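Q: I have a model open and want to learn how to read it. Can we go feature by feature?

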Amino acid sequence: MKDLTPDRKTLDPIEIASRDEIEALQLKRLKWSLAHAYANVPHYKAAFDSAGVHPDDLKSLADLSKFPFTVKQDLRDNYPFGMFAVPRDQVKRVHASSGTTGQPTVVGYTENDLRHWGDVVARSLRAAGMQPGDLLHNAYGYGLFTGGLGIHLGADALGLTTVPISGGMTPRQVRLIEDFKPKGITVTPSYALSVLDEFNAQGLDPRASSLEVGIFGAEPWTNAMRREIEEAFDMHAVDIYGLSEVMGPGVSMECVETKDGLHIWEDHFFPEIIDPNTGETVKEGEVGELVFTSLTKEAFPIIRYRTRDLTRLLPGTARSMRRMEKVTGRSDDMIILRGVNVFPTQIEECLMATPGLAPHFQIELTKPNRMDQMRVLCEATGGHTAADARAAAGKALASQIKQVVGISVAVDVAEIGGVARSEGKAVRIVDKR
């Protein structure tokens, strides 16, 4: 793999500023954001008043813990535009969640918001090793989902050439990678595996492709999957994080030169880690639920938003801004199986450590005879598709899960293509209980 470390002269000064400078800017912007939300969003005024706090009570960054949380249900209750802090005609773009788990959540952006969004995504793409003039294959979905258009916005800001292919039509994805020869690809990690399968199906060597870096986000993925993708494509695989309620992609980014966690762009987003059960802030470096407060958003300020993503905060390395560890799972998709907490990423780690199995899987939950049961559906790799080989691999995976996670599960190993592919976020859990 090529060395893609960006020239430090190209970085924004705030990326390598002192912690004192960063925190002084955060405090200034945090005071503005709280006052802006309180004055212009009825929900925040009511929530602050009910909690007995006022924006003027913020004297230090630590004082933010006095303010109430915002949760997804608050956004749904104020559907569609009740959380906007500017008149609707000042909103230049609207995005929304899919609404698959309830009422869609709607977010808006002013002209300044779009500029800031473009800036942080451009910063993220540069941290991944992309430079002005490079070609980017953008396979995130376009539309109300923030992924495709958010990446495109940052690519324009950085001066990239963007191929806006979106998701789906996997054979065409491979054809355009082969023909256009992009340096980078932005895509969900699960769909990257589908692209990899298509390379192999077409008899093409993915390691011979032009791709030098893959920028993966929108779902948790493990370092084991990173190694699998890097080896398969002979390219760097780095993590990008974001969610529509906070901004979209570009809230934090892994730097290609270190790959040691995602640097949060703290001049725009203030992070906290809390105990998901008590809501109390945890000690520095402890794992908990990630909470974000926006510092510069005009149309849709977000105060102490509970992301449900589990991670921990770490000191900066390649940048001065703090890092968040790769998301290990979500507090609301955690599986409690017979008293044991299980995350899909744990199953993935075991899968990746088992020879003869491809990195495609689904977890099926059932409850026969009043007892929760878990079934892991996965598939064999080439050369391991015979019935006896699949049975042996399934037995090995079940043993690995028992040893590492501490639960007994059933494992079904299908032939190649036996697990449904995703063109966006992977559906990891099918709950039939």
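Q: Start with a strand pair. How many bridges join β10 to strand β11, and how do the two run?

A: Keep in mind that this is a predicted model. Strands count as paired if at least two bridges link them. Here β10 and β11 (residues 288-294) are joined by 6 bridges and run antiparallel. For a landmark, find I274, which stands opposite E289 in β11.

Q: In what order do the strands of this open sheet come?

A: Read across the sheet, strand by strand. The order is β10-β11-β12-β15, 4 strands with antiparallel pairing. Now look at the edges: β10 (269-274) and β15 (329-330) each have a single partner strand, so one side of each lacks a neighbour in the sheet.

Q: Now zoom out. How many helices and strands are in the protein chain?

A: The protein chain has 10 helices and 21 strands. Its radius of gyration is 22 Å, close to the 22 Å from the globule rule for 433 residues, so the chain is as compact as a globular protein of that length. Along the principal axes, the C-alpha atoms fill a box of roughly 70 × 55 × 40 Å.

Q: What percentage of the residues is buried?

A: Buried means under 20% relative accessible area. In this chain, 54% of the 433 residues are buried. The accessible surface comes to about 18000 Å², and carbon and sulfur atoms account for 50% of that surface.

Q: What about charge: how many positive and negative side chains are there?

A: Count each set, then compare their centres. There are 49 positive and 58 negative side chains, with the two centres 2 Å apart.

Note on methods
Residues numbered from 1 in each chain as written. Predicted model: local features only at pLDDT ≥ 70, side-chain atom pairs only at ≥ 80, totals over all residues. Heavy atoms only, no water. Rg over C-alpha atoms; globule rule 2.2 N^0.38 Å. Buried < 20%, exposed > 50% of the residue type's maximum accessible area, 1.4 Å probe, protein only. Areas by Shrake-Rupley, 256 points an atom, 1.4 Å probe, with all protein chains shown as cover. Lys, Arg positive; Asp, Glu negative; His and termini not counted. Charge placed at Lys NZ, Arg CZ, Asp CG, Glu CD.
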